[in-house]
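Please open the model in a viewer and keep the selection panel at hand.

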Amino acid sequence: MQELDEKILRQVIKPRPQESFKGTFGKVLLVGGNHQYGGAIIMAATAAVYAGAGLVTVACDPLNVTALHTQLPEAMVIDFHDQTALTKLVAQVDTVVIGPGLGTEAASLAVLQTVFAQTKAAQTVVIDGSAITLLAEHRLPLSAGQLIFTPHQMEWQRLSGLAIADQTPTANQAAQAKLGGMVLVKKHHTEIYASTGSWRLPIGSAAQAVGGMGDTLAGMIGGFCAQFRTDVTQAALAATYAHSAIADQLAENQYVVLPHQISHALPAFMKKVAQSGPDHQIGFMN
Ligand SMILES: NC(=O)C1=CN([C@@H]2O[C@H](COP(=O)(O)OP(=O)(O)OC[C@H]3O[C@@H](n4cnc5c(N)ncnc54)[C@H](O)[C@@H]3O)[C@@H](O)[C@H]2O)[C@@H](O)CC1
Ligand SMILES: Nc1ncnc2c1ncn2[C@@H]1O[C@H](COP(=O)(O)OP(=O)(O)O)[C@@H](O)[C@H]1O
Ligand SMILES: [Mg+2]
């Protein structure tokens, strides 16, 4: 297992080409946010926008639209119960993030099935939170596309059948091979498994142990994958590293780090990375 380090940031985050427009930086659709968990999809969408995705649309329960737009006017929105609109939108995006706050009721399952049936091989699909729990419960056929699963340890137990105590690197790698795609097992020192290798995140702290931290990571991965499309695995690794690197910097002066603070710090952090040379220590606050 390789130890991830700061180099992954410079490999992925490059200065933006000036000959460009919003379409150059990818279209992301985030699906989730039921009547109970609107905050989750707002945090995920905030992360995707602040990570620099060109166009971001949210499919959620209409109950959350005003709150979403109050926080994030940059995002467009559709009702996730509207199968026709959802089907049309899935076809128009590069990247789908599904699961933050989706819930596990019948309507949530119907949304998941619609999205999974529509994705194509060229798309990246980030599968998080409730979408993982639903998949584990219902054993649905998997979505087409480059899949990135982002379970915490309990969600990984549900999906892989491995009890948390049995989630060793060897067992996790074997479960990833059976599942396909990329798997981030989120915990203190997250582990990442892909067919091309495995990585351990050596940074991050208990200041991050707060609801919405994973929703934010899922949105960041979506934003990075949509924008830095040449290598989706590298893009997901860079997002994972950046998420905890920013949290560590904030935690120097804070007891707890709030998920939206990571998103709000992203543009300055990414600018520093894009400008930095190989020996430069990346810090957005100094
Ligand atoms: N503001 C919001 O709207 C929020 C919505 N959320 C959404 O709520 C839904 C349910 O997700 P939850 O994760 O809360 O609930 P889950 O029931 O899926 O998982 C929580 C359970 O997993 C156990 N667990 C074991 N190891 C863990 C680990 N390393 N990290 C986290 N939990 C671990 C916990 O003890 C707990 O029993 C998801 O769709 C999620 O996106 C959460 O993100 C919290 C914030
Ligand atoms: N003690 C910790 N040390 C480092 N990272 C942590 C710690 N606790 C939580 N995290 C990180 O916070 C995120 C939590 O994800 P998740 O449980 O899905 O949150 P939520 O669903 O509430 O958004 C993961 O990226 C995880 O690695
Ligand atoms: Mg989660």
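Begin by selecting ligand 1 and its surroundings: 19 residues surround ligand 1, and the closest are G39, G129, H152, M154 and G211. A residue counts as near a molecule or strand if its C-beta atom, placed from the backbone, lies within 6 Å of it. The elements giving two or more residues to this shell are α2 (38-50), α6 (129-138), α7 (153-160) and α9 (213-227). Helices (H or I, at least four residues) and strands (E, at least two) are DSSP runs, numbered from the N terminus. Colouring the shell around ligand 1 by class gives five nonpolar, eleven polar and three charged residues. Here Ala, Val, Leu, Ile, Met, Phe, Trp, Tyr, Cys and Pro count as nonpolar, Asp, Glu, Lys and Arg as charged, and the others, Gly among them, as polar.

The model is predicted: local features need pLDDT of at least 70 and side-chain atom pairs count only at pLDDT 80 or more, whereas totals for chains, interfaces and linings use all residues. Residues are numbered from 1 along each chain as its sequence is written, and chains are lettered from A and ligands numbered from 1 in the order in which they are written.

Next, select ligand 2. Of the 17 residues around ligand 2, H188, G204, A209, M213 and G214 come nearest. Helix α9 gives the most to this shell, with four residues. By class, the shell around ligand 2 comprises four nonpolar, ten polar and three charged residues.

Now select A40, G101, H152 and D215, which the UniProt annotation "binding site" (unreviewed entry) covers. UniProt positions are given in the numbering used here, feature names are shortened, and annotations may be inferred rather than shown by experiment.

Within this set, centre on H152, in the loop between β7 (146-150) and α7. Is H152 buried or partly exposed? H152 is partly exposed because 18 other C-beta atoms lie within 10 Å; a residue is buried with 20 or more other C-beta atoms within 10 Å of its own, exposed with 12 or fewer, and partly exposed in between, C-beta atoms being placed from the backbone. Not counting residues up to four places away in sequence, H152 touches K186, K187 and G214; contact requires C-beta atoms, placed from the backbone, within 7 Å.

Move to D215, in helix α9. D215 is buried, since 30 other C-beta atoms lie within 10 Å. Leaving aside neighbours within four places in sequence, the contacts of D215 are A40, M43, A44, P100, G101, G129 and P259.

Strand β7 pairs with β8 (residues 182-185) in the parallel sense over two bridges, and I148 stands opposite M182 in β8. Four bridges join the antiparallel strands β9 (residues 191-194) and β10, and a hairpin connects β9 to β10 through two residues.

Definitions and conventions
Two residues are in contact if their C-beta atoms, placed from the backbone, lie within 7 Å. Two strands pair if DSSP finds at least two bridges between them.
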